[in-house]
Amino acid sequence: MKSAQDTSALIRSLAREATEKEPPQGLRFHRLLLLAAGFSLMLSIALALGVFGIRPNLPAVLAGTPFLFKFATMLLLAAGGLALVRRAAEPGTGSSAWMMLIPGFLVLAMGLALDSSGFPLLGRHGGAVPSCVGAIVLLSLPALAAGLGVLKRGVPVQPLRAGLAAGFLAGTIGGAAYAFVCKNDGALFVAIWYGLAIVIVATLGALIGRKALAW
């Protein structure tokens, strides 16, 4: 009898220790999502620099207002995308995740209001728009694959919406990476053509997620 009681006490003790050492499921998912997004951003930046080449005046470019505007806008929108993905994977984590998008859109609107660069809407050369949109979509693919992979570890009860959120996040990561090599600095160019690329990736994420994330 005493042996059974000792065994039961040992099991309870081990369970308490496991609970204390193992972070909650939501916290584990959040960490995994942050790691996946951070790694995807670094990979996409490396791909952008490798495919399009490192600009000779890159240090000056990185300190300039146009780059900071593009990069900050994409990162702020990506932060909102992270909240949307977490919300899609963990029902009940809050219904106001979309409000995390507001800072990014505010910075974008501020850039549009203050832009006096005079850069043309279609870019500096004839192929600027298709090359920009296509590049962002391609640079987003690693982040999209990572986002969908992480979502499969969650509980996405609405696969299409979850895929859409993953695609939005991936598109903003691709846009942030492309900012390192983009020579079209007009705020309107960024708003329209970066925005179009993000919509394309978000739609692709929704189409893939509808099947890949289905239970």
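Biologist: Let's start with cysteine 182: does it count as buried or exposed?
Modeller: First, this is a predicted model, where local features need pLDDT of at least 70, side-chain atom pairs count only at pLDDT 80 or more, and totals for chains, interfaces and linings use all residues. Residues are numbered from 1 along each chain as its sequence is written, and side-chain values use heavy atoms, with hydrogens and water left out. With a 1.4 Å probe and protein chains only, under 20% relative accessible area is buried, over 50% is exposed, and in between is partly exposed. Cysteine 182 has 1% relative accessibility, so it counts as buried.

Biologist: Where is serine 44 found?
Modeller: Serine 44 is buried, at 0% relative accessibility. Leaving out residues up to four places away in sequence, serine 44 touches Leu139, Pro142, Ile173 and Ala177, a contact being heavy atoms within 4.5 Å. Helices (H or I, at least four residues) and strands (E, at least two) are DSSP runs, numbered from the N terminus, and serine 44 is found in helix α2.

Biologist: How many residues of α7 are buried?
Modeller: Helix α7 covers residues 159–178 and reaches 28 Å from its first C-alpha to its last. That's close to the 28 Å expected, which is 1.5 Å times one less than the number of residues. α7 is mostly covered, and of its 20 residues the number buried is 17.

Biologist: Which element gives the most to the lining of the largest cavity?
Modeller: On a 1 Å grid over the protein atoms alone, a cavity is a set of points where a 1.4 Å probe fits but cannot get out, and lining residues have an atom within 4 Å of a point. Grid points are joined across faces, edges and corners, and a volume is the space filled by probe spheres set on the points. The largest cavity holds about 40 Å³, and its lining includes Leu33, Ala143 and Ile173. With four residues, the element that gives the most is α2.

Terms used:
On a 1 Å grid over the protein atoms alone, a cavity is a set of points where a 1.4 Å probe fits but cannot get out, and a pocket is an open set with protein on both sides within 12 Å along at least five of seven lines; lining residues have an atom within 4 Å of a point.
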